[in-house]
Amino acid sequence: MKKLMLFTALTVLFSTVAFSQTATGFGLKGGLNYSGNGDYFESIGSNAENPDRNIGYHVGVFGKIGKDIYLRPELVYTKTKSDYNSDAFEMSKLDLPVLVGIKVIGPISVFGGPSFQYILDSEFNNININDIENDFSVGLNFGIGLNLNKLGIDLRYERGFSNNEATFINNNIGGVESRLDTRPDQLILSLSLVL
């Protein structure tokens, strides 16, 4: 029985290595993002009742150079949604992550690197926000990927290096100036295909 289990484990390991992604080149990617503001993990807990509340999406292109250690620049259009006290903050942006990855075992790799963000449009509760501190900001992406031939799936976490606040006049509470963070934390799930 032990020999059969060992044989099965070795067969699975060698099959996985044989089918791991060796493709380099350019490709397409897309997927879902979950955004949170303030305390990210507290935000996840409060959204358990409405799991679709902070879901956004992304689509884009990427390049991959290298096999065991690789460079992966990406250009991605991202649409995020975050809730602030039952009001929705939506943002459209261009992201440019420049990731360095290393193959850990078989088709599994880990990666990380800076992510440059340019805000295209933002809206809070149907109010366009024009007074954003910086349209351009820098963050960090890191995560884990599974690559099979030309198909890949990855899960990553994105965090901004600095706060990037937007200000607006809140007429609902007596014309008080309000602020919100335009650089929320994100959990990003992507599917990619090397062309």
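User: Hi! Which side chains does the polar contact of 3.0 Å join?

Analyst: Hello! In this predicted model, the side chains of Q117 and K93 are the partners, with a polar contact of 3.0 Å between them.

User: Where does Q117 lie, and is it buried or exposed?

Analyst: Q117 belongs to strand β5. Its relative accessibility is 0%, so Q117 counts as buried.

User: Nice. Now the aromatics: how many aromatic pairs are there?

Analyst: The count comes to three aromatic pairs. One of them is F116 with F136: the ring centres are 6.3 Å apart and the planes are at 10°.

User: Why is that pair stacked?

Analyst: Stacked applies to planes under 30 degrees apart. The planes of F116 and F136 are at 10°, so the pair is stacked.

User: Which strands hold F116 and F136?

Analyst: F116 is in strand β5 (residues 108-124) and F136 in strand β7 (residues 136-148). The two are 20 residues apart, and the pair links distant parts of the chain.

User: Switching to charges, which residue lies over the face of Y70?

Analyst: That would be K64, at 4.8 Å from the ring centre of Y70. There is also R72, whose charged end sits over the ring of F62, 3.9 Å from its centre.

User: K64 makes me curious about T24. Which residues is T24 in contact with, leaving aside its neighbours within four places in sequence?

Analyst: T24 is in contact with K64, I65, G66 and V194. T24 itself is placed in the loop between α1 (2-18) and β1 (25-36), and at 42% relative accessibility it counts as partly exposed.

User: How many residues apart in sequence are T24 and L195?

Analyst: They are 171 residues apart in sequence, yet their C-alpha atoms are 9.2 Å apart in space.

User: What about N54: where is its place, and is it buried or exposed?

Analyst: N54 sits in the loop between α2 (40-46) and β2 (55-64). With 2% relative accessibility, N54 counts as buried. A polar atom of the N54 side chain lies 2.8 Å from the backbone oxygen of S35.

User: Let's zoom out. How many helices and strands does the protein have?

Analyst: The protein has two helices and 11 strands. Along the sequence the pattern reads α-β-α-β-β-β-β-β-β-β-β-β-β.

User: What share of the residues is buried, and what does the accessible surface come to?

Analyst: Buried residues make up 39% of the 195 residues. The accessible surface comes to about 10,900 Å², and 65% of that belongs to carbon and sulfur atoms.

User: And what share of the contacts is between residues 24 or more positions apart?

Analyst: Among contacts with a separation of 6 or more, such residues account for 63%.

User: Before I set anything up, what is the mean pLDDT?

Analyst: The mean pLDDT is 75, and 60% of the residues reach 70 or more. Among the elements, β2 has the highest mean pLDDT (95) and α1 the lowest (44).

User: Where does pLDDT stay under 50?

Analyst: One such stretch is residues 4-21, with 18 contacts beyond four places in sequence in the model. Over residues 38-42 the pLDDT is below 50 too, and that stretch has seven contacts beyond near neighbours in sequence. Where pLDDT is low, predicted coordinates should not be read in detail.

Definitions and conventions. Residues numbered from 1 in each chain as written. Predicted model: local features only at pLDDT ≥ 70, side-chain atom pairs only at ≥ 80, totals over all residues. Heavy atoms only, no water. Phe/Tyr/Trp six-rings, centres within 6.5 Å; stacked < 30°, edge-to-face > 60°. Helix = DSSP H or I, 4+ residues; strand = E, 2+ residues; numbered from the N terminus. Lys NZ or Arg CZ within 6 Å of the ring centre and 35° of its normal. Buried < 20%, exposed > 50% of the residue type's maximum accessible area, 1.4 Å probe, protein only. Polar contact = N/O pair within 3.5 Å; in protein donor to acceptor, adjacent residues only side chain to side chain. Contact = heavy atoms within 4.5 Å. Areas by Shrake-Rupley, 256 points an atom, 1.4 Å probe, with all protein chains shown as cover. pLDDT = per-residue confidence, 0-100.
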